[in-house]
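Q: Please go through the terms used for this structure and set each value against its definition.

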Amino acid sequence: HAAPGQPTGGKQGLSGVTHIIAVASGKGGVGKSTTAANLALAMSALGHKVGLLDADIYGPSQPRLMGISGKPQSPDGKRLNPMENHGIKVMSIGFMVAEDTPMIWRGPMVMGALTQLLRDVNWAPLDVLVCDLPPGTGDAQLTMAQNVPLSGAVIVSTPQDIALIDAKKGLNMFRKVDVPVLGIIENMSYFCCPNCGHRSEIFAHGGAQREAERGGVDFLGEIPLDIAIRETSDGGRPIVVSDPQSPHAAAYRDMAQRI
Ligand code: ADP
């Protein structure tokens with residue numbers, strides 16, 4: 001439902017890419033990358049042509065999540081072909097360096113790399129490019145928000161107060177730079193014991209919905225803490241593709257439909 005990003009001001013569009021959507025979080029470890037991968041796969045399952053850009057230069061996790069290894073090829077020596085798995089195109093700085101090599105880069109290098117991953121990659125044709133942003137409100141987020149015509153941003157948070165405070169900062173950042181916030185997702189919303197079915201609200205519950213209402217943005221839904229989500233992601237086949245019949249996969253498809 002997002003309006004196509006318009007190449008206005010200093011924002012140059014990506015030709016052949018209709019929508020660019022950022023998945024953001026205020027804090028690390030709330031499940032933003034897991035959510036971005038599953039949302040991208042859910043959009044693909046709904047019939048869209050989807051790309052996934054791992055904009056987390058310091059902590060790229062999409063190669064592992066999407067089960068992709070190897071190096072992208074550049075047939076003309078100028079532009080890279082994205083890697084591909086589970087029917088979607090993926091690009092990450094993680095394809096260029098070994099998994100245990102740190103990117104010891106200052107802001108301008110990060111912004112340069114991000115611009116290249118976005119503009120010097122053969123993404124087209126795509127209906128949606130999902131961008132997994134690093135946590136917080138730093139250089140990478142500003143580069144994306146100011147130089148790229150984002151159709152909108154989705155914010156992922158756990159229900160914990162400390163995560164919600166930072167999620168609100170993210171929301172305010174996107175508002176400041178006129179990027180529409182498409183909604184908030186509550187991840188790790190609750191836990192159901194697989195043995196007895198008892199439900200525990202480990203990080204509390206419902207805070208993201210309250211924050212969405214307070215901030216006047218959509219609440220897109222909640223995803224519980226579940227070992228299957230962690231295991232399938234670690235195995236390179238996120239739950240939307242490894243278990244499309246599961247309620248979690250249905251929840252991701254439902255959110256993808258509402259974005
Ligand atoms: P972030 O991108 O916010 O740093 P990740 O997506 O890397 O977070 O998730 C952090 C860890 O939590 C990963 O090990 C991931 O597999 C796990 N995780 C994320 N969401 C869930 C969930 N709903 N249930 C179980 N584990 C999850």
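A: In the classes used here, Ala, Val, Leu, Ile, Met, Phe, Trp, Tyr, Cys and Pro count as nonpolar, Asp, Glu, Lys and Arg as charged, and the others, Gly among them, as polar. The model is a predicted one, in which local features need pLDDT of at least 70 and side-chain atom pairs count only at pLDDT 80 or more, while totals for chains, interfaces and linings use all residues. Residues are numbered from 1 along each chain as its sequence is written.

Q: What makes up the shell around the ligand, by class?
A: The shell has 5 nonpolar, 9 polar and 3 charged residues. A residue is near a molecule if its C-beta atom, placed from the backbone, lies within 6 Å of it. Of the 17 residues around the ligand, G31, K32, S33, T34 and R230 come nearest.

Q: Which helices and strands each supply at least two residues of this shell?
A: They are α1 (32–45), β7 (181–192), β9 (219–225) and α7 (227–234). Such elements are DSSP runs numbered from the N terminus: helices are H or I with at least four residues, strands E with at least two.

Q: How do you know that the span of α1 agrees with its 14 residues?
A: The expected span of a helix is 1.5 Å times one less than its number of residues. For α1 that should be 20 Å, and its end C-alpha atoms are 20 Å apart, so the two agree.

Q: Why is G67 classed as it is?
A: G67 has 18 C-beta neighbours inside 10 Å, so G67 counts as partly exposed. G67 is found in the loop between α2 (62–65) and β3 (83–85).

Q: What makes α3 oblique or parallel to α4?
A: Helix α3 (residues 107–119) and helix α4 (residues 139–147) pack at about 45°, with their axes 9 Å apart. That makes α3 oblique to α4. Angles under 35 degrees count as roughly parallel, over 145 as roughly antiparallel, 65 to 115 as roughly perpendicular and the rest as oblique. Axes are lines fitted to C-alpha atoms, for helices over the stretch in contact, and angles run from 0 to 180 degrees between N-to-C directions.

Note on methods:
A residue is buried if 20 or more other C-beta atoms lie within 10 Å of its own, exposed if 12 or fewer, and partly exposed in between; C-beta atoms are placed from the backbone.
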